[in-house]
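Subject: Structure for you to look at

Hello,

Here is the structure I said I would pass on. My notes on it follow below.

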Amino acid sequence: RGFFACWAGCFSGKEQFPLLRKTSQNPAPAGGKDDTMDILTQASTLLDKKQLTLVLAREEGIIALSRERGVRPMNRLLDGPVRLTDAVVADRVVGKAVALMFLLAGIREVYAGQISTPARNVLEAGGVRVVFGEEVPYVLNRDGSGQCPLEASVLACEDPAEGLSIIRETLEKLQNKPAGGK
């Protein structure tokens, strides 16, 4: 319901999402980087303006948007037909579980409103540029009483493929857990 993926060009254009358009047509300066507005900055602006939880984009446009919490959007995208390699991501909360998913997908840059230290470490070790608003020791679980169980499940894991298996096993266990049970 809160998740929808789109391919470049599926939106009507400037009226809906003007943020992912280049702001200048000038060539790159001698230093190398051109003066276009950074796609990651634009994605993070869209995240806030539209009250989203996840924005994935490339220079061609938006790849996916979500209002769902947690790893669910990335879990779906990893199994979907959308090419995620070299995309940028703006996400409200990034824990180590979703960070491993970003590495597996080949994401090149991440903006996080809040990021856990283990997530930042694994992304930077994987060569991903990370920009964030707040760094915390760990991501809290939904009721704020402790560490997110998905992040806890992958703390010792550094391999993205192994991490995805652990994440999916943990999700299955959590979904099959009786309400109020431990």
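**What was found**

Glu109 is located in strand S5. Please keep in mind that this is a predicted model. Glu109 is a charged residue, and with a relative accessible area of 8% it is buried. Apart from neighbours within four places in sequence, Glu109 is in contact with Asp38, Leu40, Ala87, Val88, Val89, Val128 and Arg129.

**Overall layout**

The protein contains six helices and six strands. Their order along the sequence is β-α-β-β-α-β-α-β-α-β-α-α. The protein has 182 residues, and 44% of them count as buried. Among contacts with a separation of 6 or more, 44% are between residues 24 or more positions apart.

In soluble globular proteins, nonpolar side chains tend to be buried together. Here the largest nonpolar core has 37 residues, and those touching the most other members are Leu56, Met74, Leu84, Val94, Phe102, Ile107 and Leu123. Two or more residues of this core come from each of strand S2 (54-58), strand S3 (61-66), H2, S4, H3, strand S5 (109-116), helix H4 (117-125) and H6. H3 gives the largest share, eight residues.

As for Ile107, residues up to four places away in sequence are left out of its list of partners; the others it touches are Leu56, Leu84, Ala87, Val88, Val89, Phe102 and Val128. There is also a second, separate core, made of 13 residues, including Ala43, Leu52, Ala57 and Leu65.

**Helix H3**

Why can H3 be called largely enclosed by the rest of the structure? Nine of its ten residues are buried, so the description follows from that count. The buried residues in H3 are Lys96, Ala97, Val98, Ala99, Leu100, Met101, Phe102, Leu103 and Ala105. After H3 comes Gly106, which has a positive phi, near 85 degrees.

Ala161 belongs to helix H6. Ala161 counts as partly exposed, at 42% relative accessibility.

**Strand S3**

Ala64 lies in strand S3, and at 0% relative accessibility it counts as buried. The C-alpha atoms of Ala64 and Leu54 are 7.8 Å apart, with the two residues ten apart in sequence.

Ser66 is in strand S3 as well. Is Ser66 buried or exposed? Ser66 has a relative accessible area of 0%, so it is buried. A polar atom of the Ser66 side chain lies 2.9 Å from the backbone nitrogen of Glu68.

Most residues other than glycine have a negative phi. Two residues here are listed for going the other way.

- Gln51 has a positive phi of about 55 degrees and is not a glycine. Gln51 sits in the loop between helix H1 (39-49) and S2. Its relative accessible area is 61%, so Gln51 is exposed.
- Asp86 has a positive phi of about 70 degrees, and it is not a glycine either. Asp86 sits in the loop between H2 and S4. Its relative accessible area is 43%, so Asp86 is partly exposed.

**The largest pocket**

Rolling a probe the size of a water molecule over the atoms shows where empty space is left. The volume of the largest pocket is about 910 Å³. How many residues line the largest pocket, and which lie nearest its centre? The lining has 32 residues, and nearest the centre are Gly70, Val71, Arg142, Cys148 and Leu150.

Several elements each supply at least two residues of this lining: helix H2 (72-79), strand S4 (88-94), helix H3 (96-105), helix H5 (149-153) and helix H6 (160-176). By class, the lining is made up of 15 nonpolar, eight polar and nine charged residues.

Regards

Terms used
Residues numbered from 1 in each chain as written. Predicted model: local features only at pLDDT ≥ 70, side-chain atom pairs only at ≥ 80, totals over all residues. Heavy atoms only, no water. 1 Å grid on protein atoms, 1.4 Å probe; cavity = no way out; pocket = protein on both sides within 12 Å on 5 of 7 lines; lining within 4 Å. Points joined across faces, edges and corners; volume = space filled by probe spheres on them. Helix = DSSP H or I, 4+ residues; strand = E, 2+ residues; numbered from the N terminus. Core = buried A, V, L, I, M, F, W, Y, C linked by side-chain atoms within 4.5 Å. Buried < 20%, exposed > 50% of the residue type's maximum accessible area, 1.4 Å probe, protein only. Contact = heavy atoms within 4.5 Å. Polar contact = N/O pair within 3.5 Å; in protein donor to acceptor, adjacent residues only side chain to side chain.
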